[in-house]
Amino acid sequence: MTIAIDSGPYTFSIKGLSAPVVSELSNLYLERLTPEKDGFYDFSLSIENTSPLRRFFRRQRIISVEGVKPFNPISDQHLLPSIEWAMNWAVAAYQHTKLSLHSSVVVKNGKAILFPASSGSGKSTLATYLGYSGWQMFSDEMALIDPNTLEVSPLYRPASLKNKSIDVISTLCENVNLSNITRGTHKGDIAHARLYTCQQFGHFVPSKPKFVVFPRYVPHKETTIRMISSVESFAMLLRNAFNYNIMGKQGFSALSEISSSCQAMQIEYSDAHDLDDYLSGLVE
Amino acid sequence: MLSQKQFLNAYCYLNGFDDFDANKWNSFVRVLRENSLVASFYHRLERSNQLYCIPEYCEDMFLSAINFANAQVIQTEVQGKKLIRLFNAIDIPFVFLKGAAYILGSKRNSMGRLMTDIDICVEKENIDKAEEALLGAGWSFKNMDEHDDKYYREWSHEIPPLKHDNEGVVLDVHHTLIPPIKGRLLDIHALIHSSESDSDFSSTIPSRAWLVLHSALHLILNEDVKNGLRDLTDIFVLLYGEGSASENVAETEALFIKEGFEQEWIVLSLLLEDFFNTEIGSEHASANLSLYIRMRHFILRKAIVPNSSFIQSDGRWLWDSVNYVLGYCSKMPLHILFKQVTYKTYRNLIKLAFGEYFFRKPKPKRNGL
């Protein structure tokens, strides 16, 4: 089957999917997933077999992104998270008119907070919890910033939860819509969380970041906050930028403007509810 | 999906966009993106004052590709300066080839053209000294199996590819332009001293005729023409995109003949005629051409068209297979060809049985993706 996914700023065409995978994706994207129609798509993905023999014996699949195969082959069971990673890869590899940061984004009262951090820092867990608790989660993975307006675009993408964070979110967010758990990927166990209906997402509008928070989950630790300078913030944002080097002066100006206009802080926490209260106070 | 004619009409002649709906644009830009031709096509369209043809929904894709290509220019200039400094210090003359030469020589075909590595050429007597200097300056050889290492060391026209440990750039160091085992030797001293200027970069950029000769040999004497349309576009723009086309063509033809590649010049002329409607092929079209020229021209004309699921193809695998054999035959003597084909066939059979990725080495974890 070939489907189309409209994530908001970008559309994806995905070929070669089986009915069960389409069903799982439908649960995450609702009516933003449709059978592919004629038209233009920003990114094209294709799920292919690696050899005729491996269609039948130890079935193996490979994801092609615009004709490039950036990942190792996978089994059918690992397709769902791999498609999500491939969609991220497509945007990071080919989209260079917006500054893209490895960062979660949440918004309240029209004010965005960036959580730039590498994998395993807990940024997806935090963004998912906040997105469930009254914030608008624009993304759990990638901040796309217009270099002219400095606004961050909302993305209709599920949050990607790994290992223990699946249980954490299941406990903290009772009615959250979780996908089946994909076990044993190279990042461990993965589940995806859909927080919004398409109608709810329709109210999300691009917003300027007002704060940059570098979060770190530390078990049993009281929430501690350390303000950081704009210079340090610039350096830390730079480490999490996917295409800063490609965007040249525009990338530098955007990153410089964000680090000088946004209050930046490092926060260690163990109680997400406590952190929610603090962050809500910031954006009132 | 586009027909081959629709694709080539749009790509080569910059025509037919009036008939392009969103579906055709989708197919067209997919093929461009798969073949790293998005930004260079945009620049060709810009030079012909036809940017208005690009619909708004495609603009972001083109502008992203332009930004990427512009970043590559900066990276190439930085690496170019470092290599010039390194080779000046050990007093080894060298030239840049292909993509790096186009960028550093400010050739028009470099605009938006992407590349995966930097190519340079030194004379064979300097290859050991060059290798030693590069290894001492942070470059190291990429991992490869014993067969591939032997292929490079004994049969090829370049040493195994080097990668910079910190900067991720790949460098190919050539000592000639085609594998010397075929017995067709080029005047590499003349290539290295063919530069038309003494300035920093310019002194390391071969003359236009040498750039075309190298690109043509890469296209015609090769088993892999995945980037064939890009190479032919390079040649077309080099010859017809700047300066006097008739002088460019005359100088280039003279070099091909001097270096013993008259047949390849005819094949190239015919291909330029086919794809870009130049007139240099017409004088050969009715001539009594050799079987080699006829076969090479016929197969390349089929195999150069990008292999994509967005273009209709008829028997594509056949043209690629025939080109694979003819390309190897063109650059290797039969006894080495036999060894090479046996080895490649073994690997391809294993891949067919166990998957294309059987020999792929695990990749380091990507940051969060």
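In this predicted model, 31 residues of chain B are in contact with 32 residues of chain A. The model scores ipTM 0.92 and pTM 0.90.

**Side of chain B that touches chain A**
- Helix 2 (22–34), helix 4 (56–89) and helix 16 (334–354) of chain B each supply at least two residues of this side.
- Helix 4 of chain B gives the largest share, ten residues.
- By class, the residues of chain B on this side are 14 nonpolar, nine polar and eight charged.

**Helix 14 and helix 15 of chain B**
- Helix 14 (residues 291–303) and helix 15 (residues 316–331) of chain B pack with their axes 9 Å apart, at an angle of about 135 degrees.
- The crossing of helix 14 of chain B past helix 15 of chain B is left-handed.
- Helix 14 of chain B contributes Met295(B), Arg296(B), Ile299(B), Leu300(B), Lys302(B) and Ala303(B), which meet Trp319(B), Asp320(B), Val322(B), Asn323(B) and Leu326(B) of helix 15 of chain B.
- This contact between the two helices has seven nonpolar, one polar and three charged residues.

**Confidence**
- The average pLDDT of chain B is 87, and 93% of its residues score at least 70.
- Residues 364–369 of chain B stay under 50 in pLDDT, and the model has nine contacts for them beyond four places in sequence.
- Where pLDDT is low, the predicted coordinates should not be read in detail.

Notes: Residues are numbered from 1 along each chain as its sequence is written. Chains are lettered from A and ligands numbered from 1 in the order in which they are written. This is a predicted model: local features need pLDDT of at least 70, side-chain atom pairs count only at pLDDT 80 or more; totals for chains, interfaces and linings use all residues. pLDDT is the predictor's confidence in each residue, from 0 to 100. Two residues are in contact if their C-beta atoms, placed from the backbone, lie within 7 Å. Helices (H or I, at least four residues) and strands (E, at least two) are DSSP runs, numbered from the N terminus. Ala, Val, Leu, Ile, Met, Phe, Trp, Tyr, Cys and Pro count as nonpolar, Asp, Glu, Lys and Arg as charged, and the others, Gly among them, as polar. Axes are lines fitted to C-alpha atoms, for helices over the stretch in contact, and angles run from 0 to 180 degrees between N-to-C directions. A crossing is left-handed if the near helix is turned anticlockwise from the far one by less than a right angle, and right-handed if clockwise.
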